[in-house]
Amino acid sequence: MTIHEYSPFFNEHTALEIKLRESARWVDRLVLCEADHTYSHVPKAASFAAFRARQPAMEQLAAKVDYRWLEAAGLFRPVPPQQIYYDPTRHGRDGFDRWYWELLGGNAAYHNEAVQRSHATRCLAGQVEDEDIVILSDLDEVLDSRHADRIVEETRKRGVITVKLHYSVFYLNLFTASNHGMPDFSYRVYVMTGRFFKTLPFTPDYLRKRGIEGGFLNEIHCLEEPAGFHHSWLDHQRTALDKLKAFEANVADRSIIDRGYIDRCLQDRRLHYLDARLYIDDGKPFLGALQEMDTAGLWATEPAA
């Protein structure tokens with residue numbers, strides 16, 4: 001049995017180090033797919049090579065990475081003058097197919113994101129056996145290796161499962177009180193047998209997007225306890241603005257594409273685009289990988305009274 005994990009990659013070097021260290025405890029092969037353009041169709045340089053150059057101590061773990069460079073020409077679409085945008089008040093699982101295809105057709109950034117995420121089927125084609133395990137995740141979604149046996153057991157029993165994740169923003173211990181879509185950041189990460197993956201009747205992006213809207217609530221089992229962390233925008237002073245710009249064409253409100261927006265979220269302890277309260281919690285069962293790395297500057301503290 002081989003455990004494969006596929007994740008699109010942008011420039012999240014701190015999240016990548018956490019993912020590599022935690023995944024090395026139970027995942028055999030981490031497929032990273034990096035594109036030569038952002039989702040907003042802006043050319044970008046390869047970032048994984050820079051990570052390896054700056055992290056020579058990670059070379060042994062990086063050897064587990066199956067790195068794929070995706071050339072966007074002919075696959076990604078440039079952003080047109082007029083786009084349609086996702087509206088959380090109008091969209092949902094009822095009529096999901098209609099709005100999903102409308103969004104992919106009318107918003108280039110969503111289309112480009114779907115292309116890179118769904119490239120998993122090409123990257124893994126011919127390399128997955130029926131008895132293998134396949135994990136589809138984003139880079140900053142890290143499954144906790146302490147749950148590995150349970151995850152594999154449930155996946156073998158059911159064919160496919162999803163998990164709940166603790167969702168932090170900007171810092172390892174700064175969590176959101178709510179999130180868009182299914183609760184506890186569930187129905188985003190999927191673990192499946194190789195047999196299920198090879199017969200998946202739709203793209204990995206469709207699986208994720210429909211899951212977020214609750215479209216698989218009755219079809220795909222979700223583990224009861226959280227089984228990992230979504231550490232979003234870690235090392236935010238260096239990476240968050242670039243990531244926001246990469247997604248710029250996804251959103252109608254350009255006011256959030258600004259370093260001041262990040263500062264306001266931290267000052268107000270609120271993730272404004274979700275209207276979600278942020279809170280510090282140092283008592284969660286943080287990933288074991290954090291004990292192996294320098295996490296200075298990655299922990300939020302309460303402001304002085």
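Trainee: Where does the model come from?
Mentor: The model is predicted, so local features need pLDDT of at least 70 and side-chain atom pairs count only at pLDDT 80 or more, while totals for chains, interfaces and linings use all residues. Residues are numbered from 1 along each chain as its sequence is written, and side-chain values use heavy atoms, with hydrogens and water left out.

Trainee: What percentage of the residues count as buried?
Mentor: Of the 305 residues, 58% are buried. Buried means under 20% relative accessible area, exposed means over 50%, and partly exposed is in between (1.4 Å probe, protein chains only).

Trainee: New topic, charges. How many positive and negative side chains are there?
Mentor: There are 37 positive and 45 negative side chains, and the centres of the two sets lie 2 Å apart. Lys and Arg count as positive, Asp and Glu as negative, and His and the chain ends are not counted. Each charge is placed at NZ of Lys, CZ of Arg, CG of Asp or CD of Glu.

Trainee: How many salt bridges does a search of the whole structure find?
Mentor: The search finds 28. A salt bridge here is a side-chain nitrogen of Lys or Arg within 4 Å of a carboxyl oxygen of Asp or Glu.

Trainee: Which residue does Arg-21 pair with?
Mentor: Arg-21 forms a salt bridge with Glu-17, with the closest N and O atoms 3.0 Å apart. The two are four residues apart in helix 1 (residues 13-23), so about one helical turn separates them. Helices are DSSP runs of H or I with at least four residues, strands are E runs of at least two, and both are numbered from the N terminus.

Trainee: Which residues are linked in a network of salt bridges?
Mentor: Glu-113, Arg-117, Asp-138, Glu-141, Asp-205, Arg-208 and Lys-209.
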